[in-house]
Amino acid sequence: MAALVCLCSCSTYQYSTRQVAINNQNITAAPTVVDVKVDYTKRISETSRKCKSQAEAMQEAKYNAIVKNNIDVLVDMIYKVENVGRKYIVTITGFAGYYVNSRTFYEDIKLLEGVKKEDVEKYLILHNPEVIKYMNQKGEVVNIYHNEK
């Protein structure tokens, strides 16, 4: 009589995102500002394994994209979610992003000392015309310069 032996291996993984926790209230951390250099020629696509939840699969796919491609951030990402039985597989696609020109928040503010408010407004209007609209006290969207609806 032959005996059948089956050996199985189970692995559990947990993925996380970057965060800073400072428990000692005597320690303060100045916020850091970075620019992101996007490489639009480097499209990245990574897939998760089968996961118990959609959120877990999304985190794993994002983790894989960042770690396997040696990037700092995935830019303009989109997800493809597959439901396989009671498990989820997620594919994430985006562009490679790299942190450059890191500086403290206070150093960043100093860079703005010589900039006029009007020049900032002109820049914002030029690059995003919707910026000139705001919501007044009645809840109506109004053009800043002409008070038009």
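**Figure 1. Overview of the predicted model.** Of the 149 residues in the protein, 19% are buried, where buried means under 20% relative accessible area, exposed over 50%, and partly exposed in between (1.4 Å probe, protein chains only). The model is predicted: local features need pLDDT of at least 70 and side-chain atom pairs count only at pLDDT 80 or more, while totals for chains, interfaces and linings use all residues. Residues are numbered from 1 along each chain as its sequence is written, and side-chain values use heavy atoms, with hydrogens and water left out. The secondary structure comprises three helices and five strands, in the order β-α-β-β-α-α-β-β from the N terminus; helices (H or I, at least four residues) and strands (E, at least two) are DSSP runs, numbered from the N terminus.

**Figure 2. The open sheet of three strands.** The strands follow the order E1-E3-E2 with antiparallel pairing; two strands pair if DSSP finds at least two bridges between them. Strand E1 (32-47) and E2 are the edge strands, each pairing on one side only. From one strand to the next, the twist averages 20°. Helix H1 (residues 54-68) lies across E1, E2 and E3 and runs at about 50° to E3. For this angle, axes are lines fitted to C-alpha atoms, for helices over the stretch in contact (heavy atoms within 4.5 Å); angles run from 0 to 180 degrees between N-to-C directions.

Figure 3. Strand E2 (residues 73-84) and strand E3 (residues 87-104) run antiparallel and are joined by ten bridges. Ile-78 stands opposite Thr-93 in E3, and Tyr-79 stands opposite Ile-92 in E3. In a regular strand the side chains alternate between the two faces of the sheet. Two residues lie between the strands of this hairpin, in which Gly-85 takes a positive phi near 65°.

Figure 4. The whole structure contains four salt bridges, each defined as a side-chain nitrogen of Lys or Arg within 4 Å of a carboxyl oxygen of Asp or Glu. In one of them, Asp-35 pairs with Arg-103, and the closest N and O atoms are 3.2 Å apart. This pair links distant parts of the chain, with Asp-35 in strand E1 and Arg-103 in strand E3, 68 residues apart. Asp-35 is partly exposed, at a relative accessible area of 30%, whereas Arg-103 is buried, at 13%.

Figure 5. Glu-46 and Lys-68 meet through their side chains in a salt bridge (3.9 Å, N to O). Because Glu-46 lies in strand E1 and Lys-68 in helix H1, the pair ties together parts that are 22 residues apart in sequence. Glu-46 is buried, with a relative accessible area of 16%, while Lys-68 is exposed, with 57%. Arg-49 forms a salt bridge with Glu-60, the closest N and O atoms being 3.2 Å apart. Glu-60 is buried, with a relative accessible area of 2%, and Arg-49 is partly exposed, with 36%.

**Figure 6. A nonpolar surface patch.** Phe-105, Tyr-106, Ile-109, Leu-112, Val-115, Val-120, Tyr-123 and Leu-124 make a patch of about 750 Å². Patches consist of residues with over 30% relative accessible area and no salt bridge; like charges are joined within 9 Å, and nonpolar side chains (Val, Leu, Ile, Met, Phe, Trp, Tyr) within 5 Å. Helix H2 (105-111) and helix H3 (117-127) each supply at least two residues of the patch. Val-120 is found in helix H3 and counts as partly exposed, at 38% relative accessibility.

Note on methods:
Accessible areas come from the Shrake-Rupley method with a 1.4 Å probe; for residues, only the protein chains shown count as cover.
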